[in-house]
Amino acid sequence: MPPRESTGQATITVEHLSPELTRGLYRDMRTARDLDTEAIALQRQGVFPAYVSVRGQEAAQVGGAAALDPTRDFVFPTYREMAAALAYGVEMVGYMATHRALWHGGLYDVMDSRFGAVNAVVGGPVPHAVGWAVGERLRGGQGVAMAYFGDGASSEGDVHEAMNFAGVFTAPVIFFCQNNQWALSVPNHRQVAGGSIAARAQGYGIEGVLVDGNDVGAVHTATAEAVRRAREGGGPTVIEALTYRVEPHSTSDDPGRYRNEAEADRWRERDPLTLLRAAMIEAGHADEDHLDRIDAESAKRAEEIRDGVAEAAEPHGSELFTHVFRETTEDLTRQHRTWQEEVEL
Amino acid sequence: MTELIERAAAPGTEGETVELSMQQAINRALRVLLDEDPEVLVFGEDVGALGGVFRVTDGLQKEFGEQRVFDTPLAESAIMGMAVGLAMNGWRPVPELQFDGFAYPAIDQIVNQVARMNYRTRGAAPMPITLRLPSFGGIQAPEHHGESLEALFAHTPGLKVAAPSDPAEAYSLLLQSVRSDDPVVYMEPKARYWDRRPVRLSEPTDPIGTSRIVRPGRHATLVAWGAMVHKCVQVAELAAEDGVELEVLDLRWLKPIDAAGLAASVSRTKRAVVVHEAPLTAGLGAEVATLITDGCFRDLAAPVQRVTGFDVPYPAGPLESQYLPTIDRVLLAVQRTLEY
């Protein structure tokens, strides 16, 4: 049973995974961690107006996303899925552009990436995943839809509606809940009646799995099993990855007002990267030198992404009007013209 | 009401002119669309075996199969959310929400997702979704079955809004809406579902966003959409007996609105009365009045009049006819504008 509280100590095992896979997981988690650190720094420097950290959730995100096939699956994120995007192969300068507020949905191509636009309506994209999955079945494809949401979003009606639809249509969709135990300032016991999101799956007649979200091997295995079931026509799965939001909700938040930071500190010690590193050495998947080399490569890549997003061009003002419609209207063309005249003054 | 609901499967072949009710005309258009484009999907509550509560989708499941025409569980938000996901997987969804008032539970998906996804993704994920929404009042239905949401939808960037007034218009506008790569809210005036008229089963000719003159006249223009168009024609017929020639303009596209068509008509007649079922305040009539004023201010002989529902929740049966614009109220407004 995954722990709800951290004692600050733990071990995981990755012996059931291949060395190649664990090295890839480590690389993506490390890169996401470094990029997260860079992003917080960019916010402090005023380059990002705000940022939402994924620190501590790298295993939950990378372990799940790495079990998908980016050539045929489709991911529906909300707004705290940076590590998942990275592991899935999304173009990360374009992804991080959302945090620089260059474009709400991000600047990556969602259809080429097969990774939906950053979406701030928590729960809102969950029925999209079901629709995509139903459409995939209709066309006879083997793809699986992955919907990310959190413990807060689990309270949204859309999440219930989506799970019910998925059950009725036996849709190939995975409902991946990262339960980081804090929906902004509200803890699980004030948010999740019954205490378990995974347990709700039973009510929809679908599989529900509770997994240690800081154990990347366990997350990967649970997700791979859900993917296999979905591809084979076995329908949806709810995965609840129990983890912890060690950072504030966003850079605008003040957790001192609502939680005891000693609790967060104990979770920082139960760090998914530390756990993975020790497990890889224990399993003989890599030695310290190898991991140090991955660390150096990851830091370099994170810096490149950081520089890329910091230097990215701002969208041109005319883009206000460009994508409202496929076939624009005379009205909007007139407003575009008025805007043009105003900026040319 | 049940005796009025007839089977919608309709006679006639492409190019012919046949007499159809509006529900039959919509059914007919759906058949054309399902037939011509294998990506078109029709879904919603009770649209399958039952054929919809108004029988608009009658026979479609049988003809096109349970994969193309299917029932969903009863949850409006998920129906629209599902449409988004289907569109992202290359389909052309035509969801139905059973009644206007039940679009409110789906507003988040419609406004925050459907309307914005093309914008949010900078054109990567278009939303060729047509929401079929039985709309407006006039059938003495229970609460939430007689609402007019056009101002809300027209106010939402990224949506287009259509409201046909008769069977021929219903046929053409639906073909255009579904073939459009932009999301369209297609508001079906349920009070006119059983109105039978000749429909030419041919391709639409007028572009999206154009209005049409239903009846020409020279003393004032009545502007309406949906079921109010028929009411305005009745008003015009009565007024004609007194020698007053009213022009009736069917707006039919509520976004984009045909500002040029409005100005062209009113600059000739010099007077305008806008008629809608929705409440007065911040209703679409205010937008129409402004467009007319902007478009032909110097030609206006009187302020634009509005005849609308009242600023009250939509009432129950016996009060419905007192809430909706009546012939007398429209005639009084005509008198006000003529005597101004």
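**Sheets, a helix and a chain contact**

Mentor: In this predicted model, strand β10 (residues 220-224) of chain B and strand β11 (residues 246-250) of chain B run parallel and are joined by five bridges.

Trainee: What makes β10(B) and β11(B) count as paired strands?

Mentor: Two strands pair if at least two bridges are found between them, and β10(B) and β11(B) have five bridges, so they count as a pair. Within this pair, L222(B) stands opposite V248(B) of β11(B).

Trainee: Where do β10(B) and β11(B) sit in the order of their sheet, and which strands are called its edge strands?

Mentor: The open sheet of chain B has five strands in the order β9-β11-β10-β13-β14, with mixed pairing. The name edge strand goes to β9 (212-215) and β14 (305-309) of chain B, each of which pairs on one side only. On average, and with direction ignored, neighbouring strands of this sheet are turned by 25° against each other.

Trainee: Which helices of chain B lie on these strands?

Mentor: Helix α10 (residues 284-296) of chain B packs on the sheet, where it touches β10, β13 (272-279) and β14 of chain B, and its direction makes about 160° with that of β13(B). Helix α12 (residues 327-339) of chain B lies across β10, β11, β13 and β14 of chain B and runs at about 165° to β14(B).

Trainee: What does chain B bring to its contact with chain A?

Mentor: In this contact, 34 residues of chain B meet 34 residues of chain A. On the chain B side, the elements giving two or more residues are α3 (76-88), α4 (107-114) and α5 (117-120) of chain B, and α3(B) gives the most, with nine residues. The residues on that side divide into 15 nonpolar, 14 polar and five charged.

Trainee: How do you know that β2 and β3 of chain A are paired?

Mentor: Six bridges join β2 (residues 145-150) of chain A to β3 (residues 173-179) of chain A, and at least two are needed, so these parallel strands are a pair. A145(A) has V173(A) as its bridge partner in β3(A). The open sheet of chain A has five strands in the order β1-β2-β3-β7-β6, with parallel pairing.

Trainee: Which helix packs on that sheet, and how does its span compare with what is expected?

Mentor: Helix α8 (residues 216-231) of chain A packs on the sheet, touching β3, β6 and β7 (237-242) of chain A, and its direction makes about 175° with that of β7(A). Its 16 residues reach 22 Å from the first C-alpha to the last, close to the 22 Å expected at 1.5 Å a residue. The buried residues of α8(A) include V216(A), V219(A), H220(A), T223(A) and V227(A), and among the elements covering the buried residues are α1 (19-44), α2 (58-65) and α10 (272-283) of chain A. After α8(A) comes G233(A), whose phi is positive, near 90°.

Conventions. Residues are numbered from 1 along each chain as its sequence is written. Chains are lettered from A and ligands numbered from 1 in the order in which they are written. This is a predicted model: local features need pLDDT of at least 70, side-chain atom pairs count only at pLDDT 80 or more; totals for chains, interfaces and linings use all residues. Two residues are in contact if their C-beta atoms, placed from the backbone, lie within 7 Å. Helices (H or I, at least four residues) and strands (E, at least two) are DSSP runs, numbered from the N terminus. Ala, Val, Leu, Ile, Met, Phe, Trp, Tyr, Cys and Pro count as nonpolar, Asp, Glu, Lys and Arg as charged, and the others, Gly among them, as polar. Axes are lines fitted to C-alpha atoms, for helices over the stretch in contact, and angles run from 0 to 180 degrees between N-to-C directions. The expected span of a helix is 1.5 Å times one less than its number of residues. A residue is buried if 20 or more other C-beta atoms lie within 10 Å of its own, exposed if 12 or fewer, and partly exposed in between; C-beta atoms are placed from the backbone.
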